[in-house]
Amino acid sequence: MQEPLRPVGSVTGRIIIVVLVLSGASLRAADPKTVVDLAGDHLRFRSLVGPVSKREFLAAAYKFLGARDVTLGLLVSYASQRDRDLAGPGPVMDHCSYGLWRSIFDRYRPDQLGCLSVQEAVKVGSAILYRSVDGHCRRSSELLQGRASPLDFVVDGHRMEILEMHFHRPWGKENLRRVGAELFVRTDGPATVSLGRAATARLETITDAEDVSIVLRSDSWFFDACGFPAVYPFERLAKVPTQEEFLGTRYAFCGFYPPSSIRCFEMSPGRKP
Amino acid sequence: MNFNDASGLDQSFVSCSWDAAELDDEGNVVSIYTCSLAFWQSGRPLGPVQNKGGLHTNLAKAAKTAWQYLNSVWQNCLNAFEQIKGFNATTFQNLLTNTPANGGITWLDDTDPSVANSSIGSYGGTNTSTNPISSLFQTGADAVTLPGTTDVAIGPSYFTNETQTQQIAIAIHEALHVALGQDDNGLYSTLSQFGFTQGSNSGQITDWIVGTSDHMSTRGGGCKNP
């Protein structure tokens, strides 16, 4: 991992102060608000709301995700609360539906309001990817650590792409470190139990995390997955499907349950919200 | 009558047929009848409306009843839940039986205009959307859990489309979302280890908790596919 610059003993006191600010290991207290902060065995997630420069964000990302024992993590920063409400997880935990998604999605008017502004640092295994989109719809990505994007992998000859991830934990202080993650994965293969099982096994091997599950689709229509954003900021939705088109699709869900069990199911989105 | 909703709907038995025989506690053979029900309000039949649980169900009382069921007729459920990593029975009891100040769920009744018109973000969760709570029920959901909170919003369908037994099971269903931090897919998967068969909608979790095909009887033991 490429660490931020550190002050060295021979430089002057004035320069040391400057370098300490640039190293920005943590974001300034007056800056973005931390909305969610989860840390479990191998898993870390932090969500921020408020303007952050790329330099500050990268410094925070290295500190937050850089540790070797962190194998699945996400640091995300939304420039504003409006950005988070649209590009972050949905407003409810359950009973998400095409109708609810559409009611949020249709209120988003990028031509009037500009693009959503989001920065993410994503870590899977040892690789860290930075990606961003700004209010002018400029998208960028940059590999911070590792040899290849941690979001892409191949299973049984099929491309897998982690579009987004959502972290959660059970209620109660006794569960503070029992963090789990749900990954939303798009494949160029079929969204089947067998492919989902293989992808989950691969991710379990890469992350060594205990509670990881995936939602596998052959498209990006994760509309009834409450942890997936109503407006996915890193890719334009090529087509807004009708409800009938959406209900005609299928997805697979797989969860890893230690010590060695992966449970999967395959289904169509429900008609009942 | 809905014991929890004195002003709600009365159930009237329309017809009964012999269904089975079993032994009672003293070893006597008793007959089991299956009866069809109709629902009446203010002396006026509602026709073939099924699954009416009561228009004025007290949500907190339904949740307390849910905890009683988990310790009696639906003991199967609690036995299963206690095997789930991260599930804590005391926390779960608190969610269902305590006041919000003491770790209990806040039940937000969307049929109350002051709740329906309040913003989602006003309840302190991780989403600060200014959209009203009522917007969550435009597509007919019975209940939803607000992420990062112990707040559960209840929609109109809960009162009009579900039996009182289902209403009690919905309290358990939503408390599971809060307690385990899992969405519907997560619950499907977690509960499948106890025999839950995935269907096409999250209402099937509620029906699995009830465990009987009429969605009303509590004789099935709970937490089994109806």
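Author: An axis here is a line fitted to C-alpha atoms, for a helix over the stretch in contact, and an angle runs from 0 to 180 degrees between N-to-C directions. This is a predicted model, in which local features need pLDDT of at least 70 and side-chain atom pairs count only at pLDDT 80 or more, while totals for chains, interfaces and linings use all residues. Residues are numbered from 1 along each chain as its sequence is written, and chains are lettered from A and ligands numbered from 1 in the order in which they are written.

Reader: Why are helix 3 and helix 6 of chain B called oblique to each other?

Author: The axes of helix 3 (residues 89-97) and helix 6 (residues 164-180) of chain B come within 10 Å and cross at roughly 125°. Angles under 35 degrees count as roughly parallel, over 145 as roughly antiparallel, 65 to 115 as roughly perpendicular and the rest as oblique; the two helices of chain B are therefore oblique. The crossing is right-handed, a name used when the near helix is turned clockwise from the far one by less than a right angle, with anticlockwise giving left-handed.

Reader: Which residues make the contact between helix 3 and helix 6 of chain B?

Author: Helix 3 of chain B contributes T91(B), F92(B), L95(B) and L96(B), and helix 6 of chain B contributes A171(B), A175(B), V178(B) and A179(B); two residues are in contact if their C-beta atoms, placed from the backbone, lie within 7 Å. By class, this contact has seven nonpolar, one polar and no charged residues, where Ala, Val, Leu, Ile, Met, Phe, Trp, Tyr, Cys and Pro count as nonpolar, Asp, Glu, Lys and Arg as charged, and the others, Gly among them, as polar.

Reader: What makes helix 7 of chain B largely enclosed?

Author: A residue is buried if 20 or more other C-beta atoms lie within 10 Å of its own, exposed if 12 or fewer, and partly exposed in between. Eight of the nine residues of helix 7 (residues 184-192) of chain B are buried, so the helix is largely enclosed by the rest of the structure. The buried residues are D184(B), N185(B), G186(B), L187(B), Y188(B), S189(B), T190(B) and L191(B), and they pack against strand 9, strand 10, strand 11 and strand 12 of chain A as well as helix 6 and helix 8 (203-210) of chain B.

Reader: How many residues of chain A are in contact with chain B, and what is the class make-up of that side?

Author: In chain A, 37 residues are in contact with 38 residues of chain B. At least two residues each come from strand 1 (33-39), helix 3 (81-87), helix 4 (98-105), strand 10 (212-217), strand 11 (251-257) and strand 12 (261-267) of chain A. By class, the side of chain A that touches chain B has 15 nonpolar, 13 polar and nine charged residues.

Reader: Why are strand 7 and strand 12 of chain A called edge strands?

Author: Six strands of chain A form an open sheet of mixed pairing in the order 7-8-9-10-11-12, and strand 7 (152-155) and strand 12 are its edge strands, each pairing on one side only. Two strands pair if DSSP finds at least two bridges between them; strand 7 and strand 8 (residues 158-168) of chain A have four, in the antiparallel sense, with V155(A) opposite H158(A). Helix 6 of chain A packs on this sheet, and its direction makes about 140° with that of strand 10 of chain A.

Reader: Is E120(A) buried or exposed?

Author: With 22 C-beta neighbours inside 10 Å, E120(A) counts as buried. E120(A) lies in strand 4 (residues 118-124) of chain A, where DSSP runs of H or I (at least four residues) are helices and runs of E (at least two) are strands, numbered from the N terminus. Not counting residues up to four places away in sequence, E120(A) touches L74(A), V76(A) and R131(A). E120(A) and L75(A) are 45 residues apart in sequence and 5.7 Å apart in space, C-alpha to C-alpha.

Reader: What makes H42(A) and D208(A) count as partly exposed?

Author: H42(A) has 19 C-beta neighbours inside 10 Å and therefore counts as partly exposed, and D208(A), with 14 other C-beta atoms within 10 Å, is partly exposed too. H42(A) is found in the loop between strand 1 and strand 2 (43-49) of chain A, with phi near 75°, a positive value in a residue other than glycine. D208(A), in the loop between helix 6 (193-207) and strand 10 of chain A, has phi near 55°, again positive in a residue other than glycine.
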